[in-house]
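Keep the model open beside you, try each task, and then follow the solution step by step.

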Amino acid sequence: MIARKRGKPFEISVITAVYNSEATVGEAIASVAAQEYSDVEHLIIEGKSRDGSLAAIEAAAHDRMVLVSEPDTGIYDALNKGIVRATGDVVGFLHSDDFLAHTRVLSRIAEAFEDPNVEAVFSDLDYVSQSDTGRVVRHWVTGPFEPRRLKWGWMPAHPTLYLRRSVYETIGTFDTSFRIAADYDFILRYFTQTKAPSVYIPEVLYKMRLGGESNRDLGRIKRKSMEDYRAIRRNGVGGPLTLASKNLSKLGQFLPR
């Protein structure tokens, strides 16, 4: 059972799962601390890292941050713990290797949620080089949601997706039987059920370093495709053509802007 909201109206909870991210988690935390939007709760779910992550978190701590340090079974278990603990009206995620694109990101998201009918807000995302975060390698343009686009592999970049907490109370959290694609499974679960309007912000609000869990090596890429296909079939949005379209759509992200 997810705890009921205790925050102020339009409080945003940002959840960051951390495991062995000593080199990058400080930048992730700093990008939240720098936000102009002040009604923010930043939940850090740290999984008993073996490196100096905990010290890096404590060094970057700010007054809107809440730290939970305990073992977990993986990133989706950690994110689920964050969802349960979150007190905000709106919930989003910031991975420990990544950062918000500028200081008005959460302000832009909050403005979109001023319409009480809106349940979901999402935007574009840049993949950046590990060694030079100023260099954009891929540019993900999401586009607005239309139900027919799901069978062609459409999805918003998950880290850009902010949802009202009521969504998690209604349809549940991440299915941890997926090790890599629980976010895609959740997105399909939500967008195949919702009748509420969503808002697409045609702007890069999130910067992601290349080399994440799903694309780190060929073995993970293969497992990601298998899990994606299971999510597609489970949620009744298509079959092999959907998976192929989803993967082929990524090619355009590498084109120069």
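This is a predicted model: local features need pLDDT of at least 70, side-chain atom pairs count only at pLDDT 80 or more; totals for chains, interfaces and linings use all residues.

**Exercise 1.** At what angle do the axes of helix H7 and helix H8 cross, and within what distance do they come?

*Solution.* Residues are numbered from 1 along each chain as its sequence is written, and side-chain values use heavy atoms, with hydrogens and water left out.

Step 1: find H7 at residues 218-234 and H8 at residues 240-248; helices (H or I, at least four residues) and strands (E, at least two) are DSSP runs, numbered from the N terminus.

Step 2: the two axes come within 9 Å and cross at roughly 130°. Axes are lines fitted to C-alpha atoms, for helices over the stretch in contact, and angles run from 0 to 180 degrees between N-to-C directions.

Step 3: H7 and H8 are therefore oblique to each other (under 35 degrees counts as roughly parallel, over 145 as roughly antiparallel, 65 to 115 as roughly perpendicular, and the rest as oblique).

Step 4: in contact (heavy atoms within 4.5 Å) are Lys224, Ser225, Asp228, Tyr229 and Ile232 of H7 with Pro240, Thr242, Leu243, Lys246 and Asn247 of H8. This contact of H7 with H8 comprises 4 nonpolar, 3 polar and 3 charged residues; Ala, Val, Leu, Ile, Met, Phe, Trp, Tyr, Cys and Pro count as nonpolar, Asp, Glu, Lys and Arg as charged, and the others, Gly among them, as polar.

**Exercise 2.** Work out how H6 packs against H7.

*Solution.* Step 1: H6 spans residues 182-193, and its axis lies 9 Å from that of H7 at an angle of about 15°.

Step 1: H6 and H7 are therefore roughly parallel to each other.

Step 2: H6 contributes Tyr184, Asp185 and Leu188, and H7 contributes Asp228, Ala231, Ile232 and Arg234. Sorted by class, the contact of H6 with H7 has 4 nonpolar, no polar and 3 charged residues.

**Exercise 3.** Describe the packing of H1 and H2.

*Solution.* Step 1: H1 (residues 25-33) and H2 (residues 53-60) have axes 9 Å apart, at an angle of about 25°.

Step 1: that makes H1 roughly parallel to H2.

Step 2: Val25, Gly26 and Ile29 of H1 touch Ser53, Ala56, Ile57 and Ala60 of H2. The contact of H1 with H2 holds 5 nonpolar, 2 polar and no charged residues.

**Exercise 4.** Which residues line the largest cavity?

*Solution.* Step 1: the lining consists of Leu100, Val105, Ile109, Ser123, Pro159, Thr160, Tyr162, Leu205 and Tyr206. On a 1 Å grid over the protein atoms alone, a cavity is a set of points where a 1.4 Å probe fits but cannot get out, and lining residues have an atom within 4 Å of a point.

Step 1: the lining of the largest cavity has 7 nonpolar, 2 polar and no charged residues.

Technical notes:
On a 1 Å grid over the protein atoms alone, a cavity is a set of points where a 1.4 Å probe fits but cannot get out, and a pocket is an open set with protein on both sides within 12 Å along at least five of seven lines; lining residues have an atom within 4 Å of a point.
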